[in-house]
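Please keep the sequence and the structure in view while working through the points.

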Amino acid sequence: FAFLFVIQQGSKYALQWLGGLDDVGVYSVGYNLGMAMGLAVSAFQSAWLPYFMGFVDRREEARVLFGRVLTYYVLGFGSLALLFGIAGRTVVLLLTQPSFHGASQAVGFAAGAQFLSGVFSILVPAVYFAKEVRMVSLVQAAAAAASMALCIVLIPPLGQVGAGLALLLGFLALAILQHLWNRSRRG
């Protein structure tokens with residue numbers, strides 16, 4: 001959980017360190033609005049774990065079915081994340097004072113990060129089926145390190161946008177690294 005915390009919250013701490021508290025305050029408004037996407041993703045993840053565990057003895061069937069689940073997840077939840085990104089500016093303008101209108105930049109990044117955390121969850125069954133759950137921590141550690149490196153590189157020139165990008169790319173790294181581990185186990 002510590003590595004996920006770093007991926008999820010590290011951009012705020014890095015933005016505070018590299019940008020200042022004013023930037024963190026504005027970024028946090030947009031970040032929290034985008035995190036509302038987490039409600040839908042968490043509901044999916046809560047149902048996903050017991051569902052995929054029912055396929056431990058039916059791995060060939062799971063391979064095809066889980067591919068479909070990923071496809072439908074990307075279509076449904078990807079559309080929802082896109083909607084967050086599109087509507088984010090309007091929502092921020094309606095809910096905040098002018099000094100916080102810059103927060104709209106973070107809404108889409110945070111929603112996209114939540115979407116990618118769901119993609120990671122769909123990729124995790126391979127680790128459980130291989131009985132190598134400890135690998136999840138290693139994948140998360142590598143993604144957390146990548147996320148923090150991205151914060152250091154992206155925040156100084158881009159500020160809040162850099163923090164949002166680092167958040168999104170940290171979760172993308174998490175999904176990609178898990179996918180790469182899954183593919184290495186097939187060969």
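A residue counts as exposed when its relative accessible area is over 50%, and as buried when that area is under 20%. By this definition lysine 131 is exposed, because its relative accessible area is 67%. The structure is a predicted model.

**A loop residue**

- Lysine 131 is located in the loop that runs between H6 and H7.
- Although lysine 131 is not a glycine, its phi is positive, at about 60°.

**The nonpolar core**

- In soluble globular proteins, nonpolar side chains tend to be buried together.
- The largest nonpolar core of this model contains 51 residues. Met37, Tyr73 and Phe115 are the residues with the most contacts inside this core.
- At least two core residues come from each of H1, helix H2 (21-34), helix H3 (37-53), helix H4 (59-95), H5, helix H6 (125-129), H7 and H8.
- H5 provides the largest share of the core, namely 11 residues.
- Apart from residues up to four places away in sequence, methionine 37 touches Phe77, Leu80, Ala81, Phe84, Ala111, Gln114 and Phe115.

**How the helices pack**

- Two packed helices are described by the angle between their axes and the distance between the axes.
- *H4 and H5.* The axes of these helices are 8 Å apart, and the packing angle is about 170°. H4 is therefore roughly antiparallel to H5, since an angle over 145 degrees falls in that class. The two helices form a right-handed crossing. Their contact comprises 14 nonpolar, eight polar and one charged residues.
- *H7 and H8.* Helix H7 (residues 134-158) and helix H8 (residues 160-186) have axes that come within 8 Å and cross at roughly 155°. H7 is thus roughly antiparallel to H8. The crossing of H7 and H8 is right-handed. In the contact of H7 with H8 there are 19 nonpolar residues, six polar ones and no charged ones.
- *H1 and H8.* The axes of helix H1 (residues 2-18) and H8 come within 9 Å, with a crossing angle of roughly 165°. H1 is accordingly roughly antiparallel to H8. The crossing of H1 and H8 is right-handed.
- On the H1 side, Leu4, Ile7, Gln8, Ser11 and Leu15 meet residues Gln160, Ala163, Leu167, Gly170, Phe171 and Leu174 of H8. The contact of H1 with H8 consists of seven nonpolar and four polar residues, with no charged residue.

- *Valine 107.* Valine 107 belongs to helix H5. Valine 107 counts as buried because its relative accessible area is 3%. Beyond its neighbours within four places in sequence, valine 107 is in contact with Gly30, Leu33, Gly34, Phe84, Gly88 and Val92. Valine 107 and valine 29 are separated by 78 residues in sequence, and their C-alpha atoms are 8.3 Å apart in space.
- *Glutamine 114.* Glutamine 114 is part of helix H5 (residues 104-123). Its relative accessible area is 7%, so glutamine 114 is buried. Setting aside neighbours within four places in sequence, glutamine 114 is in contact with Gln8, Met35, Met37, Gly38, Val41 and Tyr73.
- *Phenylalanine 120.* Phenylalanine 120 also has its place in helix H5. With a relative accessible area of 7%, phenylalanine 120 is buried. Excluding neighbours within four places in sequence, its contacts are Val136, Val139, Gln140, Leu174, Ala175 and Gln178. From phenylalanine 120 to glycine 164 there are 44 residues in sequence, and the C-alpha to C-alpha distance is 19 Å.

- Is glycine 162 buried or exposed? Glycine 162, which lies in helix H8, is buried because its relative accessibility is 0%.
- When residues up to four places away in sequence are not counted, glycine 162 touches Leu154 and Ile155.
- Glycine 162 and tyrosine 73 are 89 residues apart in sequence, and the distance from C-alpha to C-alpha is 27 Å.

Note on methods: Residues numbered from 1 in each chain as written. Predicted model: local features only at pLDDT ≥ 70, side-chain atom pairs only at ≥ 80, totals over all residues. Heavy atoms only, no water. Axes fitted to C-alpha atoms, helices over the stretch in contact; angles between N-to-C directions. Helix = DSSP H or I, 4+ residues; strand = E, 2+ residues; numbered from the N terminus. Parallel < 35°, antiparallel > 145°, perpendicular 65-115°, else oblique. Left-handed = near helix turned anticlockwise from the far one by under 90°. Nonpolar A, V, L, I, M, F, W, Y, C, P; charged D, E, K, R; others polar. Contact = heavy atoms within 4.5 Å. Buried < 20%, exposed > 50% of the residue type's maximum accessible area, 1.4 Å probe, protein only. Core = buried A, V, L, I, M, F, W, Y, C linked by side-chain atoms within 4.5 Å.
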